[in-house]
Amino acid sequence: MALTETVPAAAPPAHEGILRRQSLRESAARTYARSLPIVPVRARGLTIEGADGRRYLDCLSGAGTLALGHNHPVVLEAIRTVLDSGAPLHVLDLATPVKDAFTTELFATLPGKLAETARIQFCGPAGTDAVEAAFKLVRTATGRDGLMAFSGAYHGMTAEALAASGGAQHTSVVRLPYPYDYRCPFQTGGERGADLAARWTQSLLDDPKSGVPTPAGMILEPVQGEGGVIPAPDDWLRRMREITAARQIPLIVDEVQTGVGRTGAFWAVDHSGIVPDVIVLSKAIGGSLPLAVIVYREELDAWQPGAHAGTFRGNQLAMAAGAATLAYVRTNGLDRRAGELGARMLDRLTALAAAHDCIGDVRGRGLMLGVELVDRSADADAMGARPADPRLAAAVQHACLERGLIVELGGRHSAVVRLLPPLTITDEQAEAILDRLADAIAAAVRTTPGPTGSSPTTMRGTSP
Ligand code: PMP
């Protein structure tokens, strides 16, 4: 599909009417629809076409769901095959050939040690439900209650998943520091920062008066996605694995967003070689349709029949689309491709950061990339970090949309521009994405005053 977008003189009434009715009828809690006022009507690969006739490069990809982009032919074919076969579409958690094939394909991709004895639980079709299931599983298996999670985490919106996330307001989940180089709580960053974070965790567990009883489990993301695209160092992940294993604490790794090749390995845990006790999976495993599972060591399988039920655990179309997606990523080495292309894109983002002092940090792993926008007029801390600039980030997102590029914001202050393109993008498409982003940042910088009321943010080197 061509990358150029057509811009009609005025948006057609259908487009405007749909958006107007949406804002009148839908909940105040709606999210993406606020910052991305588009009406998708057709999509293929990286490209979405709106009811306004414009084309957009979609770097949101259904919040990281679309490993193969929109409407990939192998996904459509898998869905059509199920539809044409007359198979039941709704089967609760009964066995079917489609489910059997999905499970076989999924197990073929898992870290070897886990796959040997893994058990799978099909959950209600959202990442958050699988997170709830993981907590229930480890609580039953250990007989303990507490949980450990990390600052900046995102695990979903149901009660327990939210309690384990960075945005929790009332929670009994113990919060641990996540290694975040740019805003290191210990003001050191790098290996030292990660080492101190690990020591803090260890001391909480080993100090009999820390006030933290041994938990039922620890949950972490190998790369914090919503938290602002923060990849955990492999050594730190190995430390977390050692610390939890030595104390018989199940380690739950949330790969809802990082899974299926996104970070440059099939599963993000493959980079460090750690084998979690439980992996939480959703998003890409359903090949763009809703599906969520947990996969865990058989020793943990101590819960009772019905311990985690749910009506919609048997989505046959999602399982077929998911199996096709997993197989396509595996056989075409799209995980490696994501790693290589992501590294090149990160190089270009690093060059962009050198040209703009409003870019505090660029980071990522594979095709999970982030650009943290900061207030250049504010003083930097001892580590060189400046306060986040959410207003500028929103202006960049808006300027991207005007240039036919859909990006998501994330991070603690919604000041990180996130890129989550499909793993199938070409080199040329990657260049087009970065060209539009660079142009959008330059435009936003020209027009957005700094948050402290200072003059518009300027290009690096041209500031007074
Ligand atoms: N875990 C992670 C790491 C996620 O990124 C998300 C969603 N962004 C979730 C869990 C929750 O998934 P869902 O929105 O499908 O409930």
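Begin by selecting helix α9 (residues 190-206) and helix α10 (residues 234-246), which pack at an angle of about 10 degrees with their axes 10 Å apart. Helices here are DSSP runs of H or I with at least four residues, strands are runs of E with at least two, and both are numbered from the N terminus; axes are lines fitted to C-alpha atoms, for helices over the stretch in contact, and angles run from 0 to 180 degrees between N-to-C directions. The two helices α9 and α10 are therefore roughly parallel to each other, a label given to angles under 35 degrees, while those over 145 count as roughly antiparallel, 65 to 115 as roughly perpendicular and the rest as oblique.

This is a predicted model, in which local features need pLDDT of at least 70 and side-chain atom pairs count only at pLDDT 80 or more, while totals for chains, interfaces and linings use all residues. Residues are numbered from 1 along each chain as its sequence is written, and side-chain values use heavy atoms, with hydrogens and water left out.

Now show the side chains between α9 and α10, where contact means heavy atoms within 4.5 Å. Helix α9 brings Ala-194, Asp-195, Ala-197, Ala-198, Arg-199, Thr-201, Gln-202 and Leu-205, and α10 brings Trp-236, Arg-239, Met-240 and Ile-243. By class, this contact has seven nonpolar, two polar and three charged residues, where Ala, Val, Leu, Ile, Met, Phe, Trp, Tyr, Cys and Pro count as nonpolar, Asp, Glu, Lys and Arg as charged, and the others, Gly among them, as polar.

On a 1 Å grid over the protein atoms alone, a cavity is a set of points where a 1.4 Å probe fits but cannot get out, a pocket is an open set with protein on both sides within 12 Å along at least five of seven lines, and lining residues have an atom within 4 Å of a point. The second largest cavity has a volume of about 40 Å³, and its lining holds eight nonpolar, two polar and one charged residues.

Next, select helix α4 (residues 73-85) and helix α12 (residues 316-331), whose axes come within 8 Å and cross at roughly 145 degrees. Among the residues in contact are Val-75 and Ile-79 of α4 and Ala-321 and Thr-325 of α12, and the whole contact divides into eleven nonpolar, two polar and no charged residues.

Val-75 and Thr-325 lead on to the largest cavity, which they line along with others such as Leu-66, His-72 and Ser-288. This cavity has a volume of about 50 Å³, and its lining has four nonpolar, seven polar and no charged residues.

The contact includes Arg-337 and Leu-341 of α13 and Asp-427 and Ile-441 of α15, and it divides into ten nonpolar, no polar and six charged residues.

Finish at the largest pocket, which holds about 1,000 Å³ of space. Of its 40 lining residues, Tyr-32, Tyr-154, Met-157, Glu-226 and Glu-408 are the closest to its centre. Strand β16 gives the largest share of the lining, three residues, and the lining as a whole divides into 14 nonpolar, 20 polar and six charged residues.

Terms used
Points joined across faces, edges and corners; volume = space filled by probe spheres on them.
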